[in-house]
Amino acid sequence: MDKKRLRIFILLFVIFVVSIIVSAFSGASQLKLDTVVGKDILWKIRIPRIVLGLLVGGALACCGAVFQGLLRNPLAEPYTLGISGAAALGVTLGVTSGASGIYLPVFAFAGSAFSVFLVYSVAAKKRFSNPSLILGGVILSFLFSSLVFLIFSISKAEDIHGVMLWLMGDLSSASDYLIRIIPFFILPGLGLLFVFSSELNILTLGEEKARHLGVNAEQVKKILFITASFITGACVAASGIIGFVGLIIPHFMRRIVGVDHRALLPVSCIAGAGFLVLCDSIARTIIRPLELPVGVITGIFGGVFFLSFLLKSKQWEIF
Amino acid sequence: MNILEVKDLRCGYDCERGAVIKDISFSVREGEFLGVIGPNGAGKTTLFRAVSGALRPWEGNVFYKDKEICRIGPRDFASQVAVMPQMLEITFSFSVEEFVLMGRFPHRTRFSALREKDLAILEEVLRLTDTFSLRRRKILELSGGERQRVLLAQAFAQEPQLLLLDEPTLHLDISHQVQILDLVRRLNQEKSLTVIMVLHDLNLASSYCDHLLLLKEGKVFKQGSGSEVLTYQNIEEVYKTVVVVKQNPISHKPYVLLVSEEEQMMRRKLNNTERRWEEKETLRTLSNNTESTEE
């Protein structure tokens, strides 16, 4: 069993490395490493972008697995509790009030922090069950996106374009300063999620049973919720709303390594990172010299790939 | 020594709907096998949840080894008390092995790898519950009886001193019912594991439990040994159903027979004919007597 897991791990890692190399050498212009411009393109544009893709992809996939486990619902994803909608509202407000591009991540992060605070404080007070928590999140998402469209419909078209790109998820925002900041938001959080993966396993049996198996359910749940939301907020702030990675990668990995989160979280991380970087290289090259937002590619390619996988496999159950 | 003590317990779910457990006190000695019985809605599962620490008492208290149960940390509690709930909704299909090993959680520290002791206990409990051959299977693929045995294996893996079971035989056929309860009984006797079990089936309760606690409307109606509690007067009073209590021919423990409406009619007719016959007899003896005195 463990040998099999090791082999999968190695295979994933190879794919991961290959996707990084492919990504470094694909883009609007041919990469010529012997020229100064070529070196600049590699180090100042592509590498930061790859690093951001790795961080965001890995973090989203990992948080997706955590949310699915915590909410005991295979359809949960990092955006289920309304983080994305609130971040979108924050960015839209920021753009229409004339803030410059550098501050958009701040607006997005403020938005997502607000929604997490809202959902969590209400849930903690009312002791919500998981289904009502999910329902509340879905309602909040709708509310926020309606507000976004409201603002859209009363503002100028050129303002909207930038926000639209961001809404679809976009890694081209990878600037020097973002790359320096984002790892501090994401990596410690991911570490914390890994540390609590045994508890997460037990929490999937429900809070009452978890307590009876010795897990301080309320406390662990709080830690995991807040950490995963925080990471998701950071991802959204850095690169917009990249869909699908957080939903599909954990499912896909669960089929391969099983449902044990001690294996699932790191494997999802690696797979999500590789997947997003690969999608980004496609997004940059497919209609060269123009670029697509990476969220479009994750949706289309990820969807087709996973659907074909689902159709091919004998079992119809998702796990 | 008392391992568990419930004192003047009052609790429930919703203040407006009132307490489900109104006033319950009892204690459980180490090594005892206690059965909790009572009709639907009498508060069996609520009592179970209060005793397992999942429900806070409104009044009164539950003590485990003289310590208030809500003051014992989850890890401490789980390393001594194992709880097997009536229903466990499983979302993700862990393998049986992974699932049973979760029972070792309270005994492990965060960064320690699986020790040999954990693996030895894993194998022991799998063999004990006859689930060793299932260890690589996914838990959602198992049948009801198999899943129940795996749950029990997980509880045993906690190496508990007190085992709480809520309807462990629900949805099981008779052979699985007996299998599960035999196993619990064996551990109760061999390892002096204390067991508190909620049961619907009065006859299973009678044959496996040392002591019974009969609940009625959130209060203890009667407690004591099987033959003290399972009398037809008690049962008819609490369950509002006509029963006949006989003795099990092998164990001499009480055995409760249900009496259907039709059977009750038959009995009444029988009684009537008996009574008529008796009346005739008395008349006859009376007349005989008078005749004899006349003579």
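## Basis of the model

Residues are numbered from 1 along each chain as its sequence is written, and chains are lettered from A and ligands numbered from 1 in the order in which they are written. In this predicted model, local features need pLDDT of at least 70 and side-chain atom pairs count only at pLDDT 80 or more, while totals for chains, interfaces and linings use all residues; side-chain values use heavy atoms, with hydrogens and water left out.

## The interface between chains A and B

In chain B, 29 residues are in contact with 27 residues of chain A, where contact means heavy atoms within 4.5 Å. The two chains bury about 2,500 Å² between them, 62% of it on carbon and sulfur atoms. Buried area here is the accessible area (1.4 Å probe) that two parts lose on being put together, summed over both. On the side of chain B, the residues B:F92, B:F105 and B:R110 lose the most area to chain A, together 27% of what that side buries.

One salt bridge is counted between chain B and chain A, a salt bridge being a side-chain nitrogen of Lys or Arg within 4 Å of a carboxyl oxygen of Asp or Glu. A:E208 forms a salt bridge with B:R49, and the closest N and O atoms are 2.6 Å apart. The elements α2 (74–78), β6 (81–84) and α3 (96–101) of chain B each supply at least two residues of the side that touches chain A. Of that side, α2(B) gives the most, with four residues. Helices (H or I, at least four residues) and strands (E, at least two) are DSSP runs, numbered from the N terminus.

## Salt bridges within the chains

Side chains of opposite charge can pair when their charged atoms come close. Over all chains, the whole structure holds 22 salt bridges. In chain A, the side chains of A:E207 and A:R211 meet in one, at 3.9 Å from N to O. These two residues are separated by about one helical turn because they are four residues apart in helix α9 (residues 207–212) of chain A. In chain B, B:E123 and B:R127 meet in a salt bridge at 3.0 Å from N to O. B:E123 and B:R127 are likewise four residues apart, in helix α4 of chain B, and so about one helical turn separates them.

Another salt bridge joins the side chains of B:E159 and B:K117 (3.8 Å, N to O). This pair links distant parts of the chain, 42 residues apart: B:E159 is in the loop between α5 and β7 (162–166) of chain B, and B:K117 is in helix α4 of chain B. Both belong to a network of salt bridges that links B:R104, B:R115, B:K117, B:D118 and B:E159.

B:L142 lies in the loop between α4 (116–128) and α5 (144–157) of chain B. B:L142 counts as buried because its relative accessibility is 7%; buried means under 20% relative accessible area, exposed over 50%, and partly exposed in between (1.4 Å probe, protein chains only). Not counting residues up to four places away in sequence, B:L142 touches B:V96, B:L134, B:R137, B:R147 and B:V150. B:V96 is 46 residues from B:L142 along the chain, and their C-alpha atoms are separated by 9.4 Å.

A:L143 lies in helix α5 (residues 130–153) of chain A. At 48% relative accessibility, A:L143 counts as partly exposed.
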